[in-house]
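Colleague: I am new to this structure. Please pick a single part and take me through it closely.

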Amino acid sequence: MRVLIVTAGSLGDVAPYTGLGARLRAAGHRVALAAPAPYADLVTGAGLEFRPVLGDLSALRTGVPSRRRPGVPGAPGLVEFVRLGDRFVDGLGESIVTAADSGVDVLLLSASTAPLGYSVAQWLGVPSLGVFLQPVEPTRAFPPIVLGVRTLGGWGNRAAGRLGHRLGRRVYAHASRRLRSRLGLPQCDLADLDRDAAVRGWPVSHGFSPTVLPRPPDWRPGLDVVGYWWPAPPVDWRPSPALRAFLAAGDAPVYVGFGSLADPGGRLYAMVRRALRRAGVRAIVQGAGAEAVPERSSDDPLDDGSGSGPDDGPGRAGSGDDQVLYVDDVPHGWLFPRMAAVVHHAGCGTTGAALRAGVATVPVPMLADQPFWAARLARLGVSPDVIPFRRLSAARLGDAVRAAVTDPAFGARARLLAARLADEDGASAVVAAVDRLAR
């Protein structure tokens, strides 16, 4: 079959689908992956056909206002994220139509593209499947991923989930009406489309592990949690000589990266360097240009107030700048198993990669589903602390990194989870679902 996977968002919203697409191709299907233009090389590097769609969240992130303490890097809150959605979905539906014009027998839709892609599949007269990286269906089991991480009890969680659905429909409502009008489809609101999908038993495979987040018992049939879809290894990627030399030069380092939505400001990287010195660790820091950021003085707004200078703190010995390597993108599947711990933004894909590697983590969530996954890491016992991005400081990050590296309990629980994930095969369930359509 001609399979078109459609996703939008940031890097973490695209990479897992390269692995899913590779498995479908290995099963004999012709696979194309439609994603925002900046990820074309990622897709083709996995050996898949690339088709562009709109919806590059990392580009829209630029210039978005945020509430922050003076001098502290911030990120959009829920209100800003909903406002951002209007720009995110503008033209997305039409670009999905264009991507499908090259021929398709089945559409596989991410959570970010399903509200519009479901109508495109109706217009094409082809079956569609949900392939979601996040649990968006309301449930009593946990609160909705975009409204916070504190449980409200069974009734409260489900009510809040319905509220989250309404907020999501508001983001897509105008784009859906415009798309259905262009395609000549009967007008109906997104709530009606949701009910239609439920009545039809529209299947959705969720690409995260039931070991990390079990399937809620109150979900309808057809909503399944199947396991992670690991990104396909880039065909031509090789580690640089500098990276290999750094890894061989000493103890396993700590990885620090905040994802493609973080504001790569100088204050952030200066604070990270102070935190690493405090922790006394070698580190690999992901971020173009980070090595050029000058050191800050002790009265910098990012200072934790302790008065410690750039070279002070519990981890001073052996933690100078020669102990930090700055890199651009490096495949997490290759890098993370070589780390002592991983500091990351807690996106679904990066969370899965860290768990797969069996290393302790320090999650620093910013927006959307990241606080939800960060809370899961803490609950699973693989993280000493969750540090919201808006509350990041050198002292708090340094102390959390030191705890993650020195307390063996975090690593032991991470290795246990990694062993369980190794027995799962999330892509096989999607391959089986597509194969059933081909019969």
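This is a predicted model: local features need pLDDT of at least 70, side-chain atom pairs count only at pLDDT 80 or more; totals for chains, interfaces and linings use all residues.

Modeller: Start with D399 and R278: their side chains meet in a salt bridge, at 2.8 Å from N to O. D399 lies in helix 14 (residues 394–406) and R278 in helix 10 (residues 266–279), so the pair ties together parts that are 121 residues apart in sequence. The two partners sit in unlike surroundings. R278 has 17% relative accessibility and counts as buried. D399, at 31%, counts as partly exposed.

D399 has another partner. Its side chain also meets that of R402 in a salt bridge, at 3.1 Å from N to O. R402 and D399 are 3 residues apart in helix 14, so about one helical turn separates them. In general, an α-helix has 3.6 residues a turn, so residues three or four places apart point the same way. R402 counts as partly exposed, at 25% relative accessibility.

Now move to R396, also in helix 14. The side chain of R396 meets that of D385 in a salt bridge, at 3.2 Å from N to O. D385 lies in the loop between helix 13 (370–380) and helix 14, so this pair ties together parts that are 11 residues apart in sequence. R396 is partly exposed, with a relative accessible area of 28%. D385 is partly exposed too, with 25%.

Step back to the whole chain. The count comes to 12 salt bridges. Elsewhere, D90, E94 and R178 are linked in a network of them. The chain has 16 helices and 12 strands. Buried residues make up 55% of its 439 residues.

Note on methods. Residues are numbered from 1 along each chain as its sequence is written. Side-chain values use heavy atoms; hydrogens and water are left out. Helices (H or I, at least four residues) and strands (E, at least two) are DSSP runs, numbered from the N terminus. Buried means under 20% relative accessible area, exposed over 50%, partly exposed in between (1.4 Å probe, protein chains only). A salt bridge is a side-chain nitrogen of Lys or Arg within 4 Å of a carboxyl oxygen of Asp or Glu.
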